[in-house]
Amino acid sequence: MTPVPHPIQGPTAWTPDSLKQEDWLLSLGPEMLKDLEQTRTRLSARKLSLAHAMSEDFGDALQGLGHLVRSRLQSGPGFVILRGWAAHRLPEAEAGLLFWGIACSLGVPQPQSLTGDRLHVVAEGITLPPGRVAPGGSTSSNEILLHTENARPPAPPDILGLLCLEQAESGGDSVLLSGHALHNRLLEHHPEDVLRLYQEYLFGRHDEPYPDGQVCDGSPVFRDQAGKVLVRYGRYWMRVAERTTGVPLDAAGRQALDRVDAMLVMPTMALTLRLCPGDALFIDNHVVLHGRRAFEDPQGGSRRRLLRVWVADREQRHSVLPA
């Protein structure tokens, strides 16, 4: 039974005009930076690689940092940027290992592919191994429209993390939008469409051989779970599901998605941010949609490069797949 939608209150229902920088920016102080450096030194002495690392290898050194990130995700706007860590000056393997360690302090890092990759490189022109399929536009310089991470079964990740190692020469800014503010605006102007958005849509999957043999997942765009409205959106993967199944979307369902898309491009709704080298962005994937502007990199120079991690939250695991 579809619940009666109501406006969502609180800091997650933000618009750019309602946010202050201190709401989402967390500058790392000397103690946090010391914890990171001591952890790096200890793991380097052990010659520990990402492929063999376990969450217990990081001990409690990064738990304080994880607590600060979690507080912004749960009691703040649903995203946070850590700034002040010179991760871009480290060898990429060391930066990636520590970034994965921070993810361990938030929950359980999830595989980035069916082959079990722990981190995914977001950069133009990355050559993927045989059997790997690039997710969305993460290996291109094209614009990526606002979406939540679709990821892989059994459910999308609870938390998305992105570590910036290099900026683009021009463009490439991150775009964030509150799914709760989107919900409220739709409810105000198009309440009939919100009712449809609380009903199931199909989301396509990557072109890979999944163990369950399924080619798509079912989920509403908005779902009330234990008093929290969860958001899942990605028009690209919804169109993939239509093509894969051969089942066209109903007229009411298509109209509701068109309303969403129209609001996603409204300049008053989305926040545009430029990640600095060393910045780590963490997002509640059930609350905040993210995208990226198109970018250009110089020939032969440094190129835009980020590392991505997906995390399942131990404390508040939200499966958006039907029970």
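Four strands form an open sheet in the order β5-β15-β8-β13, with antiparallel pairing. Strands here are DSSP E runs of at least two residues and helices are H or I runs of at least four, numbered from the N terminus; two strands pair if DSSP finds at least two bridges between them. This is a predicted model, in which local features need pLDDT of at least 70 and side-chain atom pairs count only at pLDDT 80 or more, while totals for chains, interfaces and linings use all residues. Residues are numbered from 1 along each chain as its sequence is written, and side-chain values use heavy atoms, leaving out hydrogens and water.

- β5 pairs with β15 (residues 288-292) in the antiparallel sense over 2 bridges, and Ile 144 stands opposite Arg 292 in β15.
- Helix α5 (residues 179-189) lies across β8 (174-178) and β15, at about 50° to β8.

**A helix pair**
- Helices α2 (residues 30-45) and α4 (residues 92-106) pack at about 115°, with axes 11 Å apart; axes are lines fitted to C-alpha atoms, for helices over the stretch in contact, and angles run from 0 to 180 degrees between N-to-C directions.
- The contact (heavy atoms within 4.5 Å) involves Leu 36, Thr 39, Arg 40, Leu 43 and Ser 44 of α2, and Glu 94, Leu 97, Leu 98 and Ile 102 of α4.

- The largest pocket holds about 940 Å³ of space. A pocket is an open set of points on a 1 Å grid over the protein atoms alone, where a 1.4 Å probe fits, with protein on both sides within 12 Å along at least five of seven lines; lining residues have an atom within 4 Å of a point.
- Of its 44 lining residues, the closest to the centre are Ile 144, Leu 145, Leu 146, His 147 and His 290.
- Elements that each supply at least two residues of this lining include β5, β8, β13 and β15.
- The second largest pocket has about 240 Å³ of space, and among its 19 lining residues Ile 8, Gln 9, Thr 12, His 180 and Lys 228 are the closest to its centre.

Notes
Points joined across faces, edges and corners; volume = space filled by probe spheres on them.
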